Amino acid sequence: MTNRSKIALAVAIACSTGLTACGDLPNNRSLYSVNQPVVEHRNFTFDLNAPGGTVPISEQRRLADWFETMHLRYGDRIAVDGGMANSRARDDVAGIAGRYGMLLSDGAPVTEGFVQPGIVRVVITRARASVPGCPDWSDHYITTLENATSDGYGCAVNGNYASMVADPEHLLHGAQGTGETVVMSSSKAIETYRAAIPTGKAGLPAISTQSGK
């Protein structure tokens, strides 16, 4: 084989290798990340005996132990399901949840199995956020002729969002406000100051100048 043939063979091998690698070229030419957080929900259930529509102290203790075992935290949703859900039993469960600073949600998610009469089912719905497929280091190209973003574009930022957000539900629809803005809260303090009776408006107190009085 001549030197010219060897060079031609080397060029052909290099070209074929390059074409094979080009099959995984990035094709996202926008600044919109295809690696987006995904929120998953899991339901955990706990059945309580509620004879007569109330939760006995013994069952309330079991519920408190379960909350402790589940490490109840901000972002969890607590709901009550069952035929007694609108009776005193709901208030009993709400009292235990209130010790953890939690409120009961309206309605309950669909869970497996049938809730028997005289039973109250407490459901904890816990959300978890992640970015599937990240990190993605399959893209070995620094630049592309199509000016496309890398395969792992968005993994870092969105991955941090998913791991740091206190309530993953906020990634779906944002936090629900109370309708009161910071300006409204500040205005309350200003209005209270303005409505206060000025010092001395009622006149100076009468004080006797006689000694000993």
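Predicted model: local features only at pLDDT ≥ 70, side-chain atom pairs only at ≥ 80, totals over all residues.
View 1. At 10% relative accessibility, Asn-158 counts as buried, since buried means under 20% relative accessible area. Asn-158 is found in helix H4. Setting aside residues up to four places away in sequence, Asn-158 touches Ser-33, Asn-35, Gln-36, Pro-37 and Val-131.

View 2. The buried residues of H4 are Cys-155, Asn-158 and Ala-162. Those residues cover an arc of only 85° around the axis, which puts them on the same side of H4. Turn to the other side of H4 and you will find Ala-156, Tyr-161, Ser-163 and Met-164, which are exposed. What lies over the buried residues of H4? The cover includes strand E3 and helix H5 (170–173).

**View 3. A disulfide between Cys-134 and Cys-155.** Stay with H4 and look for its cysteine. The count of disulfides comes to one, and this disulfide joins Cys-134 to Cys-155, with 1.9 Å from S to S. The angle about the S-S bond is -70°, and the link of Cys-134 and Cys-155 is left-handed. The pair links distant parts of the chain, 21 residues apart: Cys-134 sits in the loop between E3 and helix H4 (155–164), while Cys-155 belongs to helix H4. Are the two partners buried or partly exposed? Cys-134 counts as partly exposed at 24% relative accessibility, whereas Cys-155 is buried, with a relative accessible area of 11%.

**View 4. The largest nonpolar core.** Now for the inside of another part of the model. In soluble globular proteins, nonpolar side chains tend to be buried together. The largest nonpolar core here has 21 residues, and those touching the most other members are Leu-48, Leu-63, Trp-66, Phe-67, Ile-78, Val-93 and Val-122. Which helices and strands each supply at least two residues of this core? They are strand E1 (38–49), helix H2 (57–69), strand E2 (77–81), helix H3 (88–98) and strand E3 (119–130). There is also a second, separate core of five residues, including Val-39, Ala-127, Ala-129 and Val-131.

**View 5. Leu-48 and its contacts.** This view picks out one member of the largest core. Leaving aside neighbours within four places in sequence, Leu-48 is in contact with Val-55, Glu-59, Arg-62, Leu-63, Val-93, Gly-118, Ile-119, Val-120 and Val-122. Among these contacts, Leu-63, Val-93 and Val-122 are listed with Leu-48 as core residues that touch the most other members.

View 6. Helix H2 has 13 residues, which at 1.5 Å a residue should span 18 Å; its end C-alpha atoms are 18 Å apart, which agrees. Its buried residues are Glu-59, Gln-60, Leu-63, Ala-64, Trp-66 and Phe-67. Among the elements covering the buried residues of H2 are E1, E2, H3 and E3. Just after H2, look for His-71, which takes a positive phi of about 50°.

**View 7. An aromatic cluster of Phe-46, Trp-66, Phe-67 and Tyr-100.** These four residues form one aromatic cluster. In the model as a whole, the count comes to three aromatic pairs. Phe-46 and Trp-66 form a stacked pair, at 5.0 Å centre to centre with 15° between the planes. This pair links distant parts of the chain, with Phe-46 in strand E1 and Trp-66 in helix H2, 20 residues apart. Phe-46 counts as buried at 15% relative accessibility, and Trp-66 is buried too, with a relative accessible area of 12%.

**View 8. An edge-to-face pair, Phe-67 with Tyr-100.** The rings of Phe-67 and Tyr-100 have their centres 5.8 Å apart and their planes at 85°, so the pair is edge-to-face. Phe-67 lies in helix H2 and Tyr-100 in the loop between H3 and E3, 33 residues apart, so this pair also links distant parts of the chain. At 0% relative accessibility Phe-67 counts as buried, whereas Tyr-100, at 30%, counts as partly exposed.

How values were computed: Residues numbered from 1 in each chain as written. Heavy atoms only, no water. Core = buried A, V, L, I, M, F, W, Y, C linked by side-chain atoms within 4.5 Å. Buried < 20%, exposed > 50% of the residue type's maximum accessible area, 1.4 Å probe, protein only. Helix = DSSP H or I, 4+ residues; strand = E, 2+ residues; numbered from the N terminus. Contact = heavy atoms within 4.5 Å. Expected span 1.5 Å × (residues − 1). Phe/Tyr/Trp six-rings, centres within 6.5 Å; stacked < 30°, edge-to-face > 60°. Disulfide = S-S within 2.5 Å. Arc of directions from axis to C-beta.
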